[in-house]
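Student: I have a model open and would like to learn how to read its features one at a time. Where should we begin?

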Amino acid sequence: MAQGDVLRYGGNALAGDFGRSGAGLALTLPPLLFIDVHPVVGAVLGAMALLFAVFLVRTIERRATAVRVDDDGVSVTGFRTRRIRWADVTGLDLAYYSTRRDRTNGWMQLTLRGPGGRLKVESTLDGFDGLVERAAAAAQARGLVLSETAMENLGALGVAYRPPSADGPPAGSAFTA
Amino acid sequence: MISYVARRIMVMIPTLIAISLITFVIIQLPPGDYLTTLVNELQSRGENVDQSRLEFLRQTYGLDRPMWEQYLVWIGGMLTGDFGFSFEYNMPVSDVVGDRLALTMVMSVSTIVFIWVVSFPIAIYSATHQYSWGDYGLTLLGFLGLATPNFLLALVLLYLSNVWFGMSIGGLMDPQYLDQPWSWEKAGSVVTHLIIPTVVIGTSGTAAMIRRLRANLLDELQKQYYVTALAKGLPRRKALWKYPLRMSLNPFISDIGNLLPQIMSGAAIVSVVMSLPTTGPMLLDSLQSQDMYLAGSFLMFLALLTVIGVFLSDLALAVLDPRIRLSGGASR
């Protein structure tokens with residue numbers, strides 16, 4: 001990934017999410033609007049319709065989102081703009097989710113924390129691997145202690161991360177007696 | 001997480017629709033319908049059957065309509081809280097099920113609590129004292145629990161509780177409370193009567209859970225991070241509670257999805273043996289008599305419990321342990 005690149009979410013992934021949110025609303029809204037449903041069923045369907053509406057708004061936001069990576073940091077522009085400088089990264093988390101029982105065909109979510117707040121991107125973003133590599137390098141330089149889950153997921157992406165506790169437990173580490 | 005929940009629900013909805021379709025087709029598969037069964041029963045007793053009345057009933061209950069129409073009426077009714085009409089009890093399904101569903105839920109929850117409370121400490125002891133006399137003894141008990149059929153254990157415990165402890169056996173409450181409104185005395189009677197069914201139904205689940213948690217905990221106790229934590233001076237108990245135990249809890253969480261329907265359906269035979277007023281025996285009767293709406297509602301309820309249980313356990317696992325398994329694979 002070249003420095004200064006602008007990354008966007010892939011069209012196919014966005015189309016899938018638009019399809020899911022549309023289908024979800026199509027399945028949950030009509031019974032609510034046209035049938036006198038039981039209050040409990042109504043509450044469940046209402047909650048699901050709300051969830052799919054939020055999911056739709058988030059997918060629209062993603063369509064407008066651009067992630068800019070440069071030597072100084074990473075910024076996300078969309079409905080609102082957030083920026084975290086590499087030198088200010090205070091936390092990195094990398095989670096893997098899959099809806100299948102065998103946990104295949106899943107996706108990853110990178111969370112970066114800094115003084116300005118939190119920044120989340122998913123692996124459907126074009127150039128996600130390069131961004132993870134750059135973020136891991138920044139976390140390594142800052143000597144951050146990552147969760148075992150994040151380290152394992154980084155390893156699965158082929159990103160090496162050496163825990164700062166290799167020469168002894170860091171201050172505040174869970175392994176400190 | 002919104003992305004995960006939305007995608008997961010989009011898997012749940014078609015699953016439930018497919019299950020409802022399959023359930024409806026299956027309960028319609030046997031030749032004839034409830035009225036045919038009723039006619040056969042009456043004829044076997046030498047009683048006359050009024051054909052015009054039969055036709056009237058068939059039209060009233062919509063049994064003469066095409067299957068797809070019956071399905072849509074059934075599934076649409078469920079959304080409005082109308083689960084159909086029980087032909088055998090001659091009243092709405094929701095009225096028939098009534099207290100039985102609540103009692104079944106109470107029994108299921110107490111069984112789950114029993115399974116967890118018993119299996120958790122035993123599995124931890126077995127794993128941390130591997131190959132000790134205690135481990136061997138508890139393992140033997142576990143295998144006995146797995147190997148003993150529930151209905152047999154029910155019969156043995158019923159006999160022992162009656163002969164040795166003089167306890168009232170059968171049912172979920174003393175007979176004098178059967179048609180009484182709920183009171184503290186009635187609730188106390190239910191709690192007393194819950195003990196044996198809970199132990200009987202929970203025994204096999206407890207044994208399976210002990211074996212699984214023990215195996216997982218043993219795996220974790222041999223990993224480098226635990227050995228390193230001990231080597232750095234972390235107290236053994238603290239190291240155990242903070243790391244390996246948490247990691248080995250995954251099977252507990254992932255089992256929620258299977259536990260609920262297993263207990264609900266697995267309790268049917270025990271309920272018959274112990275005369276428990278739960279949903280199990282009613283489901284068996286409704287399937288035998290082709291009481292389609294009652295049977296269909298029960299089966300849908302079990303399916304719903306399974307789907308919700310699996311959803312909750314998947315959600316908990318996604319929150320607690322969002323790790324990639326190297327045997328699987330990520331994709332965009």
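Student: How many residues lie between S5(A) and S6(A) in their hairpin?

Tutor: Six residues lie between the two strands of the hairpin, and in the turn A:Arg103 has a positive phi of about 60°.

Student: Why is S5(A) described as largely enclosed by the rest of the structure?

Tutor: Because five of its seven residues are buried, S5(A) is largely enclosed by the rest of the structure.

Student: Which residues touch the most other members of the largest nonpolar core?

Tutor: In soluble globular proteins, nonpolar side chains tend to be buried together. Here the largest nonpolar core has 40 residues, and those touching the most other members are A:Leu92, A:Leu94, A:Leu110, A:Leu112, A:Leu131 and A:Ala135. Among the elements that each supply at least two residues of this core are strands S5 and S6 of chain A, together with helix H1 (2-28) of chain B, while the largest share, seven residues, comes from H3(A).

Student: Where in chain A is the pLDDT below 50?

Tutor: Where pLDDT is low, the predicted coordinates should not be read in detail. Chain A averages a pLDDT of 81, with 90% of the residues scoring at least 70, but over residues 166-177 of chain A the value is below 50.

Notes: Residues numbered from 1 in each chain as written. Chains lettered and ligands numbered in written order. Predicted model: local features only at pLDDT ≥ 70, side-chain atom pairs only at ≥ 80, totals over all residues. Core = buried A, V, L, I, M, F, W, Y, C linked by C-beta atoms within 7 Å. Buried ≥ 20, exposed ≤ 12 C-beta atoms within 10 Å, placed from the backbone. Helix = DSSP H or I, 4+ residues; strand = E, 2+ residues; numbered from the N terminus. pLDDT = per-residue confidence, 0-100. Contact = placed C-beta atoms within 7 Å. Pairing = 2+ DSSP bridges.
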